[in-house]
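Hello,

Here is the structure I promised to pass on. Have a look at it first, and then read my notes below.

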Amino acid sequence: MQQSDVVQLDTLLTQSNPDSMDWGEYAYEDGEKLLSRLNAEDRAVLFRSVKTKPANWRGCLVSILHPSKADEREVLMDALSDVDGNVVGEALDRIYFFCGFNRSAKKGVFEDARIRVALFWDRVRLDQGIVQRIEQLSQKNSYLAAYWNVFSEAAGAPERRP
C-alpha cells in the first residue's frame with residue numbers, strides 16, 4: 001500500500017463536506033476507493049485519528065464506512081457519540097440503513113432485508129448501550145422517530161418506543 005493513498009484520503013476528507021453536492025454525487029466514491037486500498041496498519045492509524053479531525057472530515061468518513069468490515073463497524077458505532085450533531089446524524093442514518101431500514105414516500109419506513117448487513121444488525125440490536133443511544137437520538141427528531149418505531153419492533157423492543 002502506498003502512503004500516498006493515506007495522504008490522498010486525508011486530503012479528500014479534509015477538503016470535502018458530507019452535505020455538498022460534489023461529495024454526494026461523486027467524491028464519496030473516490031473516498032470509498034481510497035479507503036478500500038488501505039492496508040490494516042494504515043486503516044488503524046486513520047481510525048485512531050478520527051477524534052482529532054474536523055467535523056467535515058469525520059462526517060465524510062462516516063458516510064463511506066461499510067459495516068461489513070469490523071473496524072469500520074466500530075468507527076461507525078462510535079460516531080453516535082461524536083461531539084458534532086451532523087456527524088451523529090450521518091452515523092445514525094448509516095446505521096439504520098445497514099441494519100435494513102429504509103424510507104420511501106409510499107411506504108414510509110420499512111424493513112428491507114436486501115440492504116441489511118446481518119453481522120452488523122446482530123451487533124447493533126444485541127448491544128443495549130447502542131440501542132439506548134439510537135433510541136435517545138431518535139426521540140429528539142420526529143423524522144427519526146419513525147425509524148425507531150420500526151427498528152425497535154424488529155429488534156424485539158417494541159415497548160421502548162418514543
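A nonpolar core here is a set of buried Ala, Val, Leu, Ile, Met, Phe, Trp, Tyr and Cys residues joined through side-chain atoms within 4.5 Å, where buried means under 20% relative accessible area, exposed over 50% and partly exposed in between (1.4 Å probe, protein chains only). Please keep in mind that this is a predicted model: local features need pLDDT of at least 70, side-chain atom pairs count only at pLDDT 80 or more, and totals for chains, interfaces and linings use all residues. Residues are numbered from 1 along each chain as its sequence is written, and side-chain values use heavy atoms, with hydrogens and water left out.

Let me begin with the core. The largest one has 46 residues, and those with the most contacts inside it are Leu61, Ile95, Tyr96, Phe120, Val124, Ile134 and Phe151. Helix 6 gives the most to this core, with 7 residues; helices (H or I, at least four residues) and strands (E, at least two) are DSSP runs, numbered from the N terminus. Apart from neighbours within four places in sequence, Ile95 is in contact (heavy atoms within 4.5 Å) with Leu76, Met77, Leu80, Phe120, Val124 and Ile134.

Next, helix 7. In this helix, residues 118-126, the buried residues are Phe120, Trp121 and Val124. They cover an arc of only 100° around the axis (taken from the directions from the helix axis to the C-beta atoms), which puts them on the same side of helix 7. Leu119 and Leu126, on the other side, are exposed. The buried residues pack against helix 5 (70-78), helix 6 (85-98), strand 1 (101-104), helix 8 (128-139) and helix 9 (142-154).

What about the aromatic rings? Rings of Phe, Tyr and Trp (its six-membered ring) pair if their centres lie within 6.5 Å; planes under 30 degrees apart count as stacked, over 60 as edge-to-face and the rest as tilted. By this rule there are 8 aromatic pairs. For Trp121 and Phe151, the ring centres are 5.5 Å apart and the planes at 85°, so this pair is edge-to-face. It links distant parts of the chain, with Trp121 in helix 7 and Phe151 in helix 9, 30 residues apart. Both residues are buried. Ring pairs also link Tyr96, Phe101, Trp121, Tyr143, Tyr147, Trp148 and Phe151 into a cluster.

Finally, Arg116. Its charged end sits over the ring of Trp121, 4.5 Å from the centre (the rule is NZ of Lys or CZ of Arg within 6 Å of the ring centre and within 35 degrees of the ring normal). Arg116 also lies over the face of Phe101, at 5.4 Å from the ring centre.

Best wishes
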